[in-house]
Amino acid sequence: MSNIDIFVWEFIGTAILCLIGNGAVAAVVLKNSFSHGGGGDWVVIVLGWGFAVFTAASIASPSGAHINPAVTLAVAMSGDIAWSSVPVYWAAQLSGGFIGAVLGWAAFKLQYDNNDDNSGTRGIFCTSPAIRGIPWNLVTEIIATFVLIFWIVTNPDINSGLGYGAVTFVIMAIGFGLGGPTGYAINPARDLGPRLAYAILPIKGKADAGWSYAWVPIVGPLLGSAAAAGLALALI
């Protein structure tokens, strides 16, 4: 597959991922949305992100359905793609995450405009810790991403059996079991792309983009990915 094809499929897949995932959070957070105040908020968010991964991965299957720089790093470490392709994957994923977040904002534009207080809307786009403590926040992201990547690397025949539905279950399991402390970014593009979008979108009364924390959901997932891929290579 050419680098252009890789870029196109990864871009579209990651855009869909962030469009649906951010949309699930927006539906819970924003006033005048049918899901707002309906209860089961965390369940809606975890299910939304899980099914977002299924949809996005299914669409991006021609490029390998990475839709996550941490996955791309692990696949490169495993020797399944050339290292020269990594920047192409990462550029597509980051830009796709940005565009997906912008499209999500457009879909909920009226809700943002009519929301009483948009100071808490950053969490629709990107993650932040429930309790800020950078070293431990980083540990949480490393552990959560380790689980995801170790499962992916040790299950190479992902298209057999349940296919991308199996990835959905893993994402949901991580969300329910490990998502509470930091919001489980486990994907640098899913966090950084939408964070950039939040920084520039015209949302009245919004908070800052939280740049002092932004490196954690980038570095943590990449470290967790490297550790998981390294261990899998040593064991298999």
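This is a predicted model: local features need pLDDT of at least 70, side-chain atom pairs count only at pLDDT 80 or more; totals for chains, interfaces and linings use all residues.
**Entry 1: H4 against H9**

I started with helix H4, residues 86-107, and helix H9, residues 188-200. Their axes come within 7 Å and cross at roughly 50°. That angle makes H4 oblique to H9, and I noted the crossing as right-handed.

Next I looked up who touches whom. On the H4 side I found Gln93, Leu94, Gly97, Phe98, Ala101 and Val102. Their partners in H9 are Ala189, Leu192, Gly193, Pro194, Leu196, Ala197 and Ile200. Sorted by class, the contact of H4 with H9 has ten nonpolar residues, three polar ones and no charged ones.

**Entry 2: H7 against H10**

Helix H7 spans 134-154 and helix H10 spans 216-235. I read an angle of about 40° for this pair, with the axes 7 Å apart. H7 is therefore oblique to H10. The crossing is right-handed here.

The class count for the contact of H7 with H10 came out as 17 nonpolar, six polar and one charged.

**Entry 3: H3 against H7**

I stayed with H7 and turned to its meeting with H3, the helix at 69-77. The two axes come within 10 Å and cross at roughly 45°, which makes H3 oblique to H7. H3 passes H7 in a right-handed crossing.

From H3, I listed Ala70, Val71 and Ala74. They meet Thr145, Ile149, Ile152 and Val153 of H7. Six of the residues in this contact are nonpolar, one is polar and none is charged.

**Entry 4: the largest pocket**

My next question was which residues lie nearest the centre of the largest pocket. I found Asn68, Val71, Leu148, Ile152 and Ile171 there, out of 45 lining residues. Two of these names were already on my page: Val71 and Ile152 also take part in the contact of H3 with H7.

I then checked which elements supply at least two residues each to the lining, and wrote down H1, H2 (41-59), H3, H7, H8 (164-178) and H10. H2 gives the largest share, five residues.

By class, I have 29 nonpolar, 14 polar and two charged residues in this lining.

**Entry 5: the largest cavity**

I noted its lining as Asn22, Gly23, Ala26, Ala101, Gly104, Trp105, Phe108, Tyr112, Ile124 and Phe125. Helix H1 (3-29), H4 and helix H6 (122-125) are the elements that give two or more residues to it. Seven lining residues are nonpolar, three are polar and none is charged.

Last, I looked at the backbone. Most residues other than glycine have a negative phi, so I wanted to know where any exceptions sit.

Asn32 has a positive phi of about 65°, although it is not a glycine. I placed Asn32 in the loop between H1 and H2.

Ile67 is another non-glycine residue with a positive phi, about 45°. I found Ile67 in the loop between H2 and H3.

H4 is oblique to H9, H7 to H10 and H3 to H7.

Note on methods: Residues are numbered from 1 along each chain as its sequence is written. Side-chain values use heavy atoms; hydrogens and water are left out. Axes are lines fitted to C-alpha atoms, for helices over the stretch in contact, and angles run from 0 to 180 degrees between N-to-C directions. Helices (H or I, at least four residues) and strands (E, at least two) are DSSP runs, numbered from the N terminus. Angles under 35 degrees count as roughly parallel, over 145 as roughly antiparallel, 65 to 115 as roughly perpendicular and the rest as oblique. A crossing is left-handed if the near helix is turned anticlockwise from the far one by less than a right angle, and right-handed if clockwise. Contact means heavy atoms within 4.5 Å. Ala, Val, Leu, Ile, Met, Phe, Trp, Tyr, Cys and Pro count as nonpolar, Asp, Glu, Lys and Arg as charged, and the others, Gly among them, as polar. On a 1 Å grid over the protein atoms alone, a cavity is a set of points where a 1.4 Å probe fits but cannot get out, and a pocket is an open set with protein on both sides within 12 Å along at least five of seven lines; lining residues have an atom within 4 Å of a point.
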